[in-house]
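Visitor: Hi, could you walk me through a few local details of this one?
Guide: Happy to, here it is.

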Amino acid sequence: MTTEPAHPSFEDRTDFEDADRGFIDRLSPGVVRDAAGRVVFDGDAYAYLDAECPPTVNPSLWRQAQLCAKQGLYQVTDRIYQVRGLDLSNMTLVEGDRGVIVIDPLISTETAAAALGLYRRHRGDRPVTGVVYTHSHGDHFGGVRGVLPHGSEQGVPILAPEGFLEHAVSENVYAGNAMVRRAILMYGSNLPKSPEGQVSTGLGIGVSEGTISLIPPTVDITRTGQEETVDGVRIRFQLTPGTEAPAEMNFLFPELRALCLAENATHNMHNVLTLRGALVRDARIWSRYLDEALTWFEGGYDVAFASHHWPTWGADRVAEYLTVQRDLYAFLHDQSVRLLNEGLTGPEIAEVIQLPPAVERAWHARGYYGSLSHNAKAVYQRYLGWFDGNPAHLWEHPPVELARRYVDLAGGPEQALATARGYAERGDLRFAATLLNHVVFAAPEDGRAREALAEVYTALGHGAENGTWRNFYLTGAQELRDAPVAQAVDTTNPEMAMALTVGMLIDSLAVSLDGPRAWHDALTVDLVLTDERRRYRLILSNGALTHRRSSVDEEPREPAGLTLTLDKPRLLGVLAGGGLDGVATQGDPGLLVRLLSYATRPDRAFPIVTP
């Protein structure tokens, strides 16, 4: 009797063949700089991946990194090209009657311009005649000014799924500081590119650190079955909200027989909850939309490509790929829910859940970016939240106070350190990390504990198959030894701010207010937007800033303490502290000064692995 292997075979080179197919040229040198000469992306730094896998990297992750590091311009099929390996995501280019349609213009304007330049070098200086954002994550829109510089966007349709702008803002602005800070650990941004450091994110080789931009969509995709023709190219859409992003879509090019799967099906298990933080995604809906794609687009494609990784050719292979991806998220969801209904908690589910053998053997279902462990916990969180029902966990001490008591129980810092080292020597790195973390939080000045924990994190990172787990562990070790460094990426720049609606701008101000300092104050400020013909009434009460919107023609029952009449560009300047020059005012301008005085600016390098 023979048993089937539980893991995919390293002898299978199909992914490498697919990743190399259609290669035309690479950017050489593979280094992208900004206008000041600062390196924002260095693909050449990954040349070390040409060697055999070293003991400091999980062999499966090394294989994935080799695939993600392939850089250059590739032809997918007739009139469709991709630039891969110049950022976390891919840029896809579809040739129309007059120019080229750009799908997902990367993270940074600099990498997007370099990718478009590489395409034009081989396909001619075609103008950009359309842009498609597949979904609301920054690596799929941030580089748009690199392909549509200021003044060139007039008359160019920009297509996106319904709700795109709202979700792009909520994920990149409202909680942006915390997400960007955690993203440093997730993507290993400050780690050296080496076999001892950052080797991949699993989803792509690395993240660019250039200029982020955003041009609001001009065409909303609001329903499955909607068709649009851009520069003579017909596109048929499938809306997939609540899958990998709150606003996302797949689409087919019927005449080109090519299917774009956005980020709903990539060559790894994705995140149900990304480690940098986000809304928990619905694995059940994700699976259902993949099944819908199987039937909705059946018979219409010969190749499928996505916003990350490499394409899959052949209708039968694409169908098999989608089937396994569908079953992956369905099984993950259903078994996590079954186990939580049997009384298991998130960490307990993560320890016992196992994928079906056929899914486990698929390279594209491996946990390089998401993982079975943290995805199962995310499903639990989606349904039951942070509390596991055990009263002991209802009102625990915060980390520092809890750590001091654990260390006291362990006999003090010296004994706790010795005990933790013993666990590490016996190979129980997981508990060694837990205990040493308590020592570090109880006695952060103890350099020996910090170094011991850094060594444990390094060992855990070097063994991780998941790219983001590796980066978290290794960056944690780095920050135990050196002070945290803020991320160079800025999601609050004027380009991003100008794309926000006025309501979003007010909400961004609201989440920055120091409520305790403001809760004894009360005021109202009216913003009369001349370019929108709307009135926004800002109400500060009990430390909370709320707002109401009405037509400018509706006179309020009671006048505000201050009324500002201005357009949106001037509002941006006012909220940034630029004063009221050129703004028509009625009432007490001091109210604005008071309101803005409560706004805070968060630390972009707040501690994570230390108290």
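This is a predicted model: local features need pLDDT of at least 70, side-chain atom pairs count only at pLDDT 80 or more; totals for chains, interfaces and linings use all residues.

Visitor: Thanks! At what angle do α11 and α13 pack?
Guide: About 110 degrees, with the axes of α11 (residues 399–409) and α13 (residues 429–442) 8 Å apart. The two are therefore roughly perpendicular, a label for angles of 65 to 115 degrees. Helices here are DSSP runs of H or I, at least four residues, and strands are E runs of at least two.

Visitor: Which residues of α11 and α13 meet?
Guide: From α11, Pro399, Val400, Ala403, Arg404, Tyr406 and Val407; from α13, His438, Val439, Phe441 and Ala442. Contact means heavy atoms within 4.5 Å. By class, that makes 8 nonpolar, 1 polar and 1 charged residues.

Visitor: New topic: is His308 buried or exposed?
Guide: His308 counts as buried because its relative accessibility is 0%; the cut-off for buried is under 20%, exposed is over 50%, and partly exposed is in between, using a 1.4 Å probe and protein chains only. His308 is found in the loop between β15 (303–305) and β16 (312–313).

Visitor: And what does the His308 side chain reach?
Guide: The backbone oxygen of Leu88, at 2.9 Å. The His308 side chain also makes a polar contact with the side chain of Asp139 at 3.3 Å. A polar contact is a pair of N or O atoms within 3.5 Å; within protein, one must be able to donate a hydrogen and the other to accept it, and residues adjacent in sequence count only if both atoms are side-chain atoms. Beyond four places in sequence, the contacts of His308 include His140, Leu203 and Glu263.

Visitor: What about His309, what is its phi?
Guide: Near 65 degrees, a positive value in a residue other than glycine. His309 lies in the loop between β15 and β16 and is buried, at 6% relative accessible area.

Visitor: Where is Arg257?
Guide: In the loop between β13 (249–253) and β14 (258–260). Arg257 is not a glycine, yet has a positive phi of about 55 degrees. Arg257 is partly exposed, at 30%.

Visitor: Last one: which residues does a cis peptide bond join?
Guide: Ser28 and Pro29, with omega about -5 degrees. Pro29 lies in the loop between β1 (23–25) and β2 (31–33).

Definitions and conventions: Residues are numbered from 1 along each chain as its sequence is written. Side-chain values use heavy atoms; hydrogens and water are left out. Axes are lines fitted to C-alpha atoms, for helices over the stretch in contact, and angles run from 0 to 180 degrees between N-to-C directions. Angles under 35 degrees count as roughly parallel, over 145 as roughly antiparallel, 65 to 115 as roughly perpendicular and the rest as oblique. Ala, Val, Leu, Ile, Met, Phe, Trp, Tyr, Cys and Pro count as nonpolar, Asp, Glu, Lys and Arg as charged, and the others, Gly among them, as polar.
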